[in-house]
Amino acid sequence: MTDSQYLDVKLKLRDTESVVLTPGYLSGCILNSLDNLFGEIGGRTSLDIVKFSAADRRLILRVPQEFVERARIAVTLIGHYQEVPCHFQVLKTSNKQLDFDDVGL
Amino acid sequence: MYISVSIAPRSLRCNMVRIKNRYIAVQIVPYATKQTLHLKDHILAKCILQNVEKHYGVYGLGVVEQGFRVKYCNERTKIAVIRCVHRGQRFVSSMLPLITLIGDLRAKFRTLYIGATIIQCNKFIIKHQKQFLDRFMGQVESAKERQDLFKRVMELDMDR
């Protein structure tokens, strides 16, 4: 799909023990941030988690091309995940399907 | 061949930029028809900004908030003039049809005119009010009532 963009995102938490990491909670967290920043009209987009690794705390997001900017802003500005201070680091973006092996940490 | 370009200092360049505003003339249409509305301009401003935040988020509010002001709000004629910056105009004008509650009053907005200067807005409101008078003057019987209606409809004090 050429009209989608893939984001390789890593979640960095202050306290890794007290959170539950699931794709559902993560997408909820990102959608919540989008809603807060760009509102009900501006923040509506289809956001898919293509791949997820709980051990690495990494995920690959697929967003439509026209929403990449907003999605990246929303992801970058997240400060809390389940009330634990955190930040998201975007490791790589591409218009082709990404995999966890692609980026060496 | 050299082209001489004079570069002004940064502070001077900043001062030369003009801030573009847009003035939106709106009519408030209450759900229950009343003679007068108890509507203050700060209630109107708060309502619009709250709705902008709801639909366009913190980003939209940030764009609109600077330079936002309700310049004129007439409770009798139910007409208001809203000023916003040029780049935030879309956020405000697209928001107005979605508002159904102003303060605690059930009402909706009818966008009448969007202009770049308040003078043009004022001209439009006068024209609009004259049209209203043309329609309703015939229904009023006594001369005294006619004068009162004329005064009420044409009152415009844009000194805010």
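Start by selecting Val52(B): skipping its neighbours within four places in sequence, you'll find it in contact with Gly60(B), Leu61(B), Val64(B), Phe91(B), Val92(B) and Met95(B) (contact meaning C-beta atoms, placed from the backbone, within 7 Å). Before going on: this is a predicted model, where local features need pLDDT of at least 70, side-chain atom pairs count only at pLDDT 80 or more, and totals for chains, interfaces and linings use all residues. Residues are numbered from 1 along each chain as its sequence is written, with chains lettered from A in the order in which they are written.

Now widen the selection to the largest nonpolar core, which has 50 residues. Such a core joins buried Ala, Val, Leu, Ile, Met, Phe, Trp, Tyr and Cys residues through C-beta atoms within 7 Å, buried meaning 20 or more other C-beta atoms within 10 Å of a residue's own. Val52(B) is among those with the most contacts inside it, along with Ala25(B), Val64(B), Ala80(B), Ile82(B) and Val92(B). Helix α2 of chain B (residues 41-65) gives the most to this core, 7 residues.

**Stop two: a helix pair**

Next, pick α4(B), residues 118-136, and α5(B), residues 143-154: their axes come within 10 Å and cross at roughly 155 degrees. That makes the two helices roughly antiparallel (over 145 degrees). Show Gln129(B), Phe132(B), Leu133(B) and Phe136(B) on α4(B), then Leu149(B), Phe150(B), Val153(B) and Met154(B) on α5(B), to see the contact.

**Last stop: between the chains**

Finally, display both chains: their contact takes 9 residues from chain A and 8 residues from chain B.

Terms used:
Axes are lines fitted to C-alpha atoms, for helices over the stretch in contact, and angles run from 0 to 180 degrees between N-to-C directions. Helices (H or I, at least four residues) and strands (E, at least two) are DSSP runs, numbered from the N terminus. Angles under 35 degrees count as roughly parallel, over 145 as roughly antiparallel, 65 to 115 as roughly perpendicular and the rest as oblique. Two residues are in contact if their C-beta atoms, placed from the backbone, lie within 7 Å. A residue is buried if 20 or more other C-beta atoms lie within 10 Å of its own, exposed if 12 or fewer, and partly exposed in between; C-beta atoms are placed from the backbone.
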